[in-house]
Amino acid sequence: MNVILGISLVFLFGLLATWLAEKLKTPAITAYLITGILIGPHVLDLIPGSVIGMSGVISNFTLSLIAFSIGQNF
C-alpha cells in the first residue's frame, strides 16, 4: 500500500471518528483511540507498517508546530 494512501486513510477515519463521537456525545479523543486501535496492524490491518513507522516523524513535527504557536502568544 502506498504511504500517501495510508495517511489519507488515517485522516478519513479520523473525520469519521469525529462525526461518530459528536453523534454519540463522547469525547473525540476516545473515538480517535478506538479508531486507531481498530485500523491499526493488530486488528484490521488497514494501515501499513511504513505509515506507523513514520508516525514518530509526523508527531515530532506536529508538536514543534504547536510549541511554535504557543511561543507566538508570549
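The second largest pocket of this predicted model is lined by 15 residues, and Ala17, Leu20, Ala31, Ile34 and Thr35 are those nearest its centre. Its volume is about 250 Å³. The largest pocket holds about 600 Å³ of space, and the packing of helix H1 (residues 3-24) with helix H3 (residues 49-73) is also described below.

**Second largest pocket**
- H1 and H2 each contribute at least two residues to the lining of the second largest pocket.
- H1 provides the largest share of this lining, with seven residues.
- Twelve nonpolar and three polar residues make up the lining of the second largest pocket, with no charged residues.

**Largest pocket**
- The lining of the largest pocket comprises 17 residues, and Val10, Phe11, Val51, Ser55 and Ile58 lie nearest the centre.
- H1, helix H2 (28-39) and H3 each supply at least two of the lining residues.
- H3 gives the most to the lining of the largest pocket, namely six residues.
- By class, ten residues of this lining are nonpolar, seven are polar and none is charged.

**Packing of H1 with H3**
- The axes of H1 and H3 lie 10 Å apart, and the two helices pack at an angle of about 70 degrees.
- H1 is therefore roughly perpendicular to H3, because angles of 65 to 115 degrees count as roughly perpendicular.
- On the H1 side the contact is made by Val3, Gly6 and Ile7, and on the H3 side by Ser50, Val51, Met54 and Ile58.
- Five nonpolar and two polar residues form the contact of H1 with H3, and no charged residue takes part.

Notes
Residues numbered from 1 in each chain as written. Predicted model: local features only at pLDDT ≥ 70, side-chain atom pairs only at ≥ 80, totals over all residues. Heavy atoms only, no water. Axes fitted to C-alpha atoms, helices over the stretch in contact; angles between N-to-C directions. Helix = DSSP H or I, 4+ residues; strand = E, 2+ residues; numbered from the N terminus. Parallel < 35°, antiparallel > 145°, perpendicular 65-115°, else oblique. Contact = heavy atoms within 4.5 Å. Nonpolar A, V, L, I, M, F, W, Y, C, P; charged D, E, K, R; others polar. 1 Å grid on protein atoms, 1.4 Å probe; cavity = no way out; pocket = protein on both sides within 12 Å on 5 of 7 lines; lining within 4 Å. Points joined across faces, edges and corners; volume = space filled by probe spheres on them.
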